[in-house]
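Work through the exercises below with the sequence and the 3D view open. Try each task before reading its solution.

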Amino acid sequence: MVGLLALAVAAAFTGAAVYVSVAEQPARLGLDDQALLREWQPSYKRGAAMQASIAMVACILGLIAWWLTGASAHLAGALFIILPWPWTLLVMMPTNRMLEAMDVGAPNSQARSLIVRWGKMHLVRVALGALATIAFLWALRLP
């Protein structure tokens, strides 16, 4: 049961990450530069809190499932689903901080290129979520 919960939570993380990449990011890029930044800042803040929480829950559930079953696929899923944390902190954070520091009321020619870069880096989160979901699904395969 814990493994199934880990799968469901990892799938929720992945679905949210896919939504950002295929719906929200392309839509925001259709906005003018000022509106683009105005949309990105609160969206990122809310999305980061949500996805970080979901990743943590899925990781804990995956570790519990691994402890209970010994299935290495649960451990792999737990590792894949928590990897967006260090990816964000070590790789994405400089871009995030620059975007967060920008004044939405002032014209900023860098905002668009930074948000495009952010979107490309976000694809790694999509891939890690998908790998976690696949690993948890693999762990639950029938004998």
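## Exercise 1: the first loop

G30 is exposed, with a relative accessible area of 65%. The model is a predicted one.

**Task.** Locate G30 among the elements, and give its C-alpha separation from W87.

**Solution.** 
- Step 1. G30 sits in the loop between α1 and α2.
- Step 2. The cut-off for exposed is over 50% relative accessible area. G30 has 65%, so it counts as exposed.
- Step 3. Along the chain, G30 and W87 are 57 residues apart. Their C-alpha atoms are separated by 27 Å.

## Exercise 2: the geometry of α1

**Task.** Compare the span of helix α1 with the expected value, then find where α1 kinks.

**Solution.** 
- Step 1. Helix α1 covers residues 2–29, which is 28 residues.
- Step 2. From first C-alpha to last, α1 reaches 39 Å. At 1.5 Å a residue, 40 Å is expected, so the two values are close.
- Step 3. Look along the helix for a bend. A kink of about 40 degrees in α1 is centred on V20.

## Exercise 3: salt bridges

**Task.** State how many salt bridges the model has. Then place the partners of the R28–E39 pair, the D33–R112 pair and the E100–R97 pair.

**Solution.** 
- Step 1. Apply the cut-off: a side-chain nitrogen of Lys or Arg within 4 Å of a carboxyl oxygen of Asp or Glu. The count comes to four salt bridges.
- Step 2. Take R28 and E39. Their side chains meet at 2.5 Å, N to O. R28 lies in helix α1 and E39 in helix α2, so this pair ties together parts 11 residues apart in sequence.
- Step 3. Check the cover. R28 is buried at 3% relative accessibility. E39 is partly exposed, at 25%.
- Step 4. E24, R28 and E39 are linked in a network of salt bridges.
- Step 5. Take D33 and R112. Their closest N and O atoms are 2.7 Å apart. D33 belongs to α2 and R112 to helix α5 (residues 110–139), so the bridge ties together parts 79 residues apart in sequence. D33 is partly exposed at 33%, and R112 is partly exposed at 25%.
- Step 6. Take E100 and R97. The closest N and O atoms are 2.8 Å apart. Both residues lie in helix α4 (residues 84–101), three residues apart, about one turn of the helix. An α-helix has 3.6 residues a turn, so residues three or four places apart point the same way. E100 is partly exposed, at 35% relative accessibility.

## Exercise 4: T88 and its contacts

**Task.** Decide whether T88 is buried or exposed, and list its contacts beyond four places in sequence.

**Solution.** 
- Step 1. T88 lies in helix α4.
- Step 2. Buried means under 20% relative accessible area. T88 has 12%, so it counts as buried.
- Step 3. Leave aside the neighbours within four places in sequence. T88 is then in contact with Y44, M93, N96 and R125.

## Exercise 5: a nonpolar patch

**Task.** Name the members of the nonpolar surface patch and the helix that gives the most to it.

**Solution.** 
- Step 1. The patch is formed by M56, I60, L63, I64, W66, W67, L68 and W85. Together they have about 800 Å² of accessible area.
- Step 2. Helix α2 (residues 33–69) gives the most, with seven residues.
- Step 3. W66 is in helix α2. W66 is partly exposed, with a relative accessible area of 36%. Patch residues need over 30%, so W66 passes that cut-off.

How values were computed
Residues are numbered from 1 along each chain as its sequence is written. This is a predicted model: local features need pLDDT of at least 70, side-chain atom pairs count only at pLDDT 80 or more; totals for chains, interfaces and linings use all residues. Side-chain values use heavy atoms; hydrogens and water are left out. Patches are made of residues with over 30% relative accessible area and no salt bridge: like charges are joined within 9 Å, nonpolar side chains (Val, Leu, Ile, Met, Phe, Trp, Tyr) within 5 Å. Accessible areas come from the Shrake-Rupley method with a 1.4 Å probe; for residues, only the protein chains shown count as cover. Helices (H or I, at least four residues) and strands (E, at least two) are DSSP runs, numbered from the N terminus. Buried means under 20% relative accessible area, exposed over 50%, partly exposed in between (1.4 Å probe, protein chains only). The bend at a residue is the angle between axes fitted to the seven residues ending there and the seven starting there. Contact means heavy atoms within 4.5 Å.
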